[in-house]
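Hi,

Here is the structure I promised to pass on.

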Amino acid sequence: MEWIASRKNPRIVNWSKLHEKKERNVQKRFLIEGEHLIQEALKYGRVETILTTEETAPFSFADMIRVHPSVMKKLSRNVSPVRYMAVCRMKEETVQKTDRLLLLDDIQDPGNIGTLIRTAVSFSFAGIYLSAGCCDIYNEKVIRSTQGALFAIPLVYGDLHDVIDDLHRQGVCVYAGALDAALPLASVHPTEKAAILLGNEGQGVHSALQSCSDVCVRIEMHGFESLNVAVAGGIMMYRFRA
């Protein structure tokens, strides 16, 4: 196993830049931390290099590097010591199926994005489209909150107006989460091909996108007008689950 002891090693310096979105997009690489996430990434063939502070590791992988704890600390954003990290490859993805999809409109909180990705995988959704205003899916907080689910579902950034137009041509019905002039969720009978559209934490779904949607849906509740978008998304995805 190769050994790196210096924080100034060129490869370490290069990988440390992956904490910046711009550099991730240039290198088409991102970092993950922890045994569970690495095992998930290995399942989907996304790992390029594994780094460890240990003499042995619970992975069967060709490109493994042992690093000094100070080197791992330079790369990690975790407050607790980390024993395993991996450099992963980004993947150009396309959504192949249209039975159940999730559309995210300018959702900016990393925890919300991560939770929605994990929930979509749990309820067998076929893919997720994100607007350009959404949080970066390779943000370390997003990755951590997905618990590895980001490797299991196609994630595609795009103009949601164009996405909705294309989905309509494929016979997909778009259901937008909304508060006003919306049908109660309990009264909605999901179509075979369906896409759920969820909006920004503060502003909700943009009015122009609501207008493009086929049905506006509200979650019936008492005491509050709205829920956290990840909670609302979970409720709606459960209603539309396979």
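Asp99 and Arg100 form a salt bridge, with their closest N and O atoms 3.6 Å apart. By salt bridge I mean a side-chain nitrogen of Lys or Arg within 4 Å of a carboxyl oxygen of Asp or Glu. Asp99 is partly exposed at 26% relative accessible area, whereas Arg100 counts as buried at 14%. For those words, buried is under 20% relative accessible area, exposed is over 50%, and partly exposed is in between (1.4 Å probe, protein chains only).

Before going on, a word on what you have: this is a predicted model, where local features need pLDDT of at least 70 and side-chain atom pairs count only at pLDDT 80 or more, while totals for chains, interfaces and linings use all residues. Residues are numbered from 1 along each chain as its sequence is written, and side-chain values use heavy atoms, with hydrogens and water left out.

The salt-bridge rule gives a count of seven. Another one pairs Glu140 with Arg77, the closest N and O atoms being 3.4 Å apart. This pair links distant parts of the chain, 63 residues apart: Glu140 sits in helix H6, and Arg77 in the loop between helix H4 (69-75) and E5. Helices (H or I, at least four residues) and strands (E, at least two) are DSSP runs, numbered from the N terminus. Both partners are partly exposed, Glu140 at 23% and Arg77 at 45%.

Then there is Glu40 with Lys43, where the closest N and O atoms are 3.0 Å apart. They are three residues apart in helix H3, so about one helical turn separates them. Glu40 is buried at 15% relative accessibility, but Lys43 is exposed at 59%.

**Helix H3**

Since Glu40 has come up, which residues of H3 are buried? In this helix (residues 35-43) they are Leu37, Ile38, Glu40 and Ala41. Seen down the helix axis they fall within an arc of 160 degrees, so they line one face of H3; the arc is that of the directions from the axis to the C-beta atoms. Their cover includes strands E2 (29-33), E3 (47-52) and E5 (84-89), as well as helix H6 (140-146). After H3 comes Gly45, with a positive phi near 65 degrees.

Arg24 belongs to helix H2 (residues 21-27) and is buried, with a relative accessible area of 4%. Leaving aside neighbours within four places in sequence, its contacts (heavy atoms within 4.5 Å) are Leu18, His19, Arg29, Phe30, Met90, Asp136, Tyr138 and Asn139. His19, in the loop between helix H1 (10-16) and H2, is buried too, at 12%. Not counting residues up to four places away in sequence, His19 touches Arg24, Leu31, Leu75, Arg77 and Glu140. Arg77 and Glu140 are the salt-bridge pair from above.

**The cores**

The largest nonpolar core has 50 residues, and those with the most contacts inside it are Ile32, Leu102, Leu104, Ile113, Ile117, Ile128 and Leu198. A nonpolar core here is a set of buried Ala, Val, Leu, Ile, Met, Phe, Trp, Tyr and Cys residues joined through side-chain atoms within 4.5 Å. H9 gives the most to this core, with five residues. Apart from it lies another core of 20 residues, among them Ala126, Val163, Val174 and Ala195.

What does Leu102 touch, not counting residues up to four places away in sequence? Its partners are Leu116, Ala120, Phe125, Gly127, Ile128, Tyr129, Ile196, Leu198 and Met237.

**Thr115**

Thr115 is in helix H5 (residues 110-122) and is partly exposed at 34%.

**The whole chain**

The protein chain has nine helices and twelve strands. Of its 242 residues, 48% count as buried. Along its principal axes, the C-alpha trace spans about 60 × 40 × 30 Å. Among contacts between residues at least 6 apart in sequence, 74% join residues at least 24 apart.

Over to you!
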